[in-house]
2 protein chains.
Amino acid sequence: MKNNFLIYFYFFAFISIVDAQELKSPNGNLNLKFNLNTNGTPSYSLSYKQKEVIKESKMGFVIKPNISFNENFKITETTFHTENNTWEPVLGEQKTINNHYNEMIVHLTQNKSQWKMTLYFRLFDDGLGFRYEFPVQDNLRHFIIQEETSEFNLAGDHKTFWIPGDYDTNEYKYTTSKISEISKLIKEASKESLAAQSPIKNLAVQTPLMMKTEDGLYINIHEASLSNYPAMFLNIDDKTFTASSHLTPDAVGNKGYIQTGSHTPWRTIVVSDDARDILASKLILNLNEPCAFEDTSWIKPVKYVGVWWEYFIGKGSTWAYSNNQDIVIGKTDFTKLKPNGTHGANTKHVKEYIDFAAANGFDAVLVEGWNEGWEDNTAFKKERIYSFTKSYPDFDVKELSQYAAQNGVKIIMHHETTSSTAEYERQLNDAFRFMDDNNYNAVKTGYVGPIIPRGEHHDGQTMVNHYTYVAQEAAKHHIMVDSHEAVRPTGLSRTYPNWFAQESARGTEFESFGGNNPDHTTILPFTRLMGGPMDYTPGIFQGDLSVYGTMKNKLSSTLTKQLALYVTMYSPLQMAADLPENYMRFKDAFQFIKDVALDWDNSYILEAEPGDYITIARKAKGKQEWFVGGITDENPRTAMIDFSFLPKGKSYNAIIYEDDKEAHYLNKPQSYTIRKIIINNKTKLKQPLAASGGVAISIKEKK
Amino acid sequence: MKNNFLIYFYFFAFISIVDAQELKSPNGNLNLKFNLNTNGTPSYSLSYKQKEVIKESKMGFVIKPNISFNENFKITETTFHTENNTWEPVLGEQKTINNHYNEMIVHLTQNKSQWKMTLYFRLFDDGLGFRYEFPVQDNLRHFIIQEETSEFNLAGDHKTFWIPGDYDTNEYKYTTSKISEISKLIKEASKESLAAQSPIKNLAVQTPLMMKTEDGLYINIHEASLSNYPAMFLNIDDKTFTASSHLTPDAVGNKGYIQTGSHTPWRTIVVSDDARDILASKLILNLNEPCAFEDTSWIKPVKYVGVWWEYFIGKGSTWAYSNNQDIVIGKTDFTKLKPNGTHGANTKHVKEYIDFAAANGFDAVLVEGWNEGWEDNTAFKKERIYSFTKSYPDFDVKELSQYAAQNGVKIIMHHETTSSTAEYERQLNDAFRFMDDNNYNAVKTGYVGPIIPRGEHHDGQTMVNHYTYVAQEAAKHHIMVDSHEAVRPTGLSRTYPNWFAQESARGTEFESFGGNNPDHTTILPFTRLMGGPMDYTPGIFQGDLSVYGTMKNKLSSTLTKQLALYVTMYSPLQMAADLPENYMRFKDAFQFIKDVALDWDNSYILEAEPGDYITIARKAKGKQEWFVGGITDENPRTAMIDFSFLPKGKSYNAIIYEDDKEAHYLNKPQSYTIRKIIINNKTKLKQPLAASGGVAISIKEKK
């Protein structure tokens, strides 16, 4: 029997060595090579139009304790497969997405151990995805990953757009540098005081990692369909320009608990010689599982305002109801506490927001600080901080629920967990039932501070499972989820479309505590947004915060750039984050926020260069309406807007919200003009943008 | 103002130095001295009838990072208080418990920091309890305990009954030695292969720690009312004979997360010159909070049999339904798996147990292995192992629920968590609702293996909170809880009487894998049982396991000793753990198990010496029935049973289950006789016990 097996084994191995070395993308531009070296270590390399993208790069794992699972392999079988189909996202940048790839599947068996592993390579026209599968087998059942040893051996000292590797936060500013410069810049780049920080000790950066080669290739490395596995960082060897996988450890230093019959997430490499293709890529969504729900009719885009920005700008509003320091959830009777008089989430104030939302066509009002416990929200030691079912005495849940319903507005639930997910999971059932009972259909979750269970990290396997669990449980209640401070997304919004937005990067709130760079929003679509929609909370019209009190922060953006972000930063969840009073001061500009769509039939990346500028046009879903957003970094520029995406033979009214000649993000951010022109699909517009300025255009067919 | 405050401050300090140094127990036998040394470190000492029990011992904490909270204190006020009342436990060894103590409360303020701490000393006639309170204060709100520095400075090289300090298990065998011998014996004592082990690196033992001094004092150190705090171990200095507190760390090495407005558990020192007083002490219960529930009518004692022992004895029965290795809860369809044919918890077999229980007057049948997931129960890496709401295909929940109800028997639910409490808490709501729906009113929980959340320990603050949380949630559903492998109890069964038994020590199951020493059950009541009832699962009649197959283990007990344990090991939950077929072989002896009560009006500790022998009589609650149990270690002895506890002037029928003359635990464990005599309250019985033998007596008034 054994002898027979060996013959069979070599027979397949022979076949594969001859046949299984190469794979081409459908259009032939991308070429993947697979190889087993003399040690039996699997490796791959990737080229684009004959240019090296990834040089020969090793694959595999070390499993605990110190067992090589990345060498001594033999190929037992290699198969090929082509897929070409389309699917429709529930919400998205385009109505229909094409999923076209050539696939190579390599079955490996390790000598001696006889452990099996299967490699999947999917080559699309816009890039490569590969993943590892651990089939059910006799000799291997449960194991612990000590490290994944996937390499991304880069072909040169590329320009990179990076944030420091950190297991607990992705809220750093981006640094643009060559790979060889990262080591000398990372200390400065890490100088941020964030609520939870666990910087990686060796030289490492986060994904999505955006790069540009000297000869003009754009390369983006990330992952897709992160599920029951820790998030991946990239170790950087700044001498060889090799990036390699670095998984997030758990509380005891282990990197992943695997049961055979499972697979890793996809490692993704999106590549093109046109930066616009990176933004247009749907590779990551394509590598995610289809929608997990049969009925998705309850999943809707949401445009909202909220009791939120006032907490950040030095106006004195507080999340907490009292100044008591001895509150204990379940014991303290909050009705007996002395109110501090500054509690933002009070019934009267929330009604004002509901009125404003109703008057201006918003779907919803977010209310933070509605629930018991905020007196201790910065005490990062306590396991049970909040109740998710008991409101403060001055927030009348029933009355507000009715008032909102009468006004055709939803209230967005807020579940700040302060990262005590242990306690949040205990209350989750009751919390969602409370939402059902009070007519809430969306929740903003928050994960500020270090994780409890203690020692776990935001990006570890346990937390990855937590976020997904919350999305799945929410779906049972037809609740949509917008998670803040969670692991950066990997396209799971395809599978769980109710998990419709995340923060998971440095958002607008940082404009009030530290600031964002002018090029920040020209980088985010090439990095953070590769994985999914971001609740960036744009729309700040009053960027100089000194008007409110003692704060001196200034927004690094003109007002029109704030408008443009509603188009350039795709999300089906968009906030108008500023105070209503500021929108009333700039009613004409506010009109764009009121008008702009959230869900799209199609998107057109007109211009793009990471770190410099982005211009995008989108067609509203099911409507003959288009919106254009253009932004630039600290340098003024002239956008070239080609309207050829419009249907031929018709005329259109375009309203252009533009920086005026004096506009500058530093001293004249509110200098804008609004003009109306008539265009058609042959129009080409030279549109000047101010320093860190923008342009926003709404377009309707001329009647 | 500041000046005024200082005057006020010293005024009180002066008063306290004169008055607050000493406290006597109500009967005057115990004397406590409190002192602040020149460094401002609080200390206490304790004597019993002029004999030193605890020499001057320091108190306090080190809080993170390295901040002394055990020196530089000033006394601001000292108050005294006396309490003398009675209360009735829901279930217990006696109907009424007297709570009589003198209390001293010492308010301390630390210089410079101005942090406040209050010490509570309660001196009963049978011992001392002290605890630390952290009052709400301006300068201290949340802090992390690095270590508690409570000392128990012992007066000599006492004989001790100890198990090695281990954060994750208390299932070691006891060692009896002098304190000075612990260090040379602890390596041998730790040689056990247990499912989860985290031995303490320095010399440390577990509480309850039982000791006997050379001059005949019995001292027991433990804790009471362990809540939101880690369990305490005792560091041992074997030169100075100082024990000191060693708290269980969490996953990141912290020892306790404290919010002011809280207090520690009580540190307890039970002391007497009569060993019987130790067993009779209700000090630990007295130091717990009163019952937390208004309605306790649903809390009942339970005598049960179960599908359990057959899994341990080499009969081939398995918890698992299949031999598949790729099961995933929520995905695998178990009805499509091939059954392994050895699954114990099948409908037919459980019905046999229900029949047996009904025929013999048992309240309930425990069924382990009823639910999906046992194929992976030893895979200590997986977070989601079990479903607690889905039964295996061959276990018909509805049918068995009906069949049990028709026969007047309950089925006891089993929730083995394999210590993935993260997943258990997720399912807990549904699991209890499933129990409601199917007529279950008691659950045996299990915590085998290392804890998930990973890095946490069975005895840490997080898990302490978990066990209590489960008991509290269960109470909402009128469910009683019997937790196995949980932290050892500290009297919380007073507060949560539905948490009516625990294992938390080396139970009968170890007779099948490693064995228990003949003196084991003469030590347990002085150690483990000080904190609360134990589900020891006695009643093994067939002690020689070789009859079943290949196992060679033999029970270290005669059959009559097994009977006696139902009296000597107090618990309102008692199992008849052996196979029904063995009870049918010894029907006459089985009668005692059928007859014995579980809840008591009164208990009489007739004879006791830790490690040697125990004889206890108890009066059944609300009945004119008494039961006596007497056990001995490996040495035969003659018990002197004084029946003066019986009411005067009446005659009683006594049935005596005794070792016969040939009986010996090693080779004649099943040699017993049963005789009937008539006794009255003047009867004194000289009752011989075999080596590791026992005697059990049931007594009824003669009609």
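**Close-up views of the cavities and the A–B interface**

A search of the whole structure, a predicted model, finds 17 cavities of 30 Å³ or more. Local features require pLDDT of at least 70 and side-chain atom pairs pLDDT 80 or more, whereas totals for chains, interfaces and linings use all residues. Residues are numbered from 1 along each chain as its sequence is written, and side-chain values use heavy atoms, without hydrogens and water.

**View 1. The largest cavity.** About 220 Å³ of space lies in this cavity, a cavity being a set of points on a 1 Å grid over the protein atoms alone where a 1.4 Å probe fits but cannot get out. Of its 23 lining residues, the closest to its centre are Ala422(A), Glu425(A), Pro453(A), Ala422(B) and Pro453(B); lining residues have an atom within 4 Å of a point. The lining divides into 7 nonpolar, 6 polar and 10 charged residues.

**View 2. Area buried between chain B and chain A.** The buried area is about 3,100 Å², with 46% from carbon and sulfur atoms; buried area is the accessible area (1.4 Å probe) that two parts lose on being put together, summed over both. Gln325(B), Arg426(B) and Arg454(B) supply 24% of the area that chain B buries against chain A, more than any other three residues.

**View 3. A salt bridge across the interface.** Asp376(B) forms a salt bridge with Arg141(A), the closest N and O atoms being 3.0 Å apart. The count between the two chains is 4 salt bridges, each a side-chain nitrogen of Lys or Arg within 4 Å of a carboxyl oxygen of Asp or Glu.

Definitions and conventions. Chains are lettered from A and ligands numbered from 1 in the order in which they are written. On a 1 Å grid over the protein atoms alone, a cavity is a set of points where a 1.4 Å probe fits but cannot get out, and a pocket is an open set with protein on both sides within 12 Å along at least five of seven lines; lining residues have an atom within 4 Å of a point. Grid points are joined across faces, edges and corners, and a volume is the space filled by probe spheres set on the points. Ala, Val, Leu, Ile, Met, Phe, Trp, Tyr, Cys and Pro count as nonpolar, Asp, Glu, Lys and Arg as charged, and the others, Gly among them, as polar.
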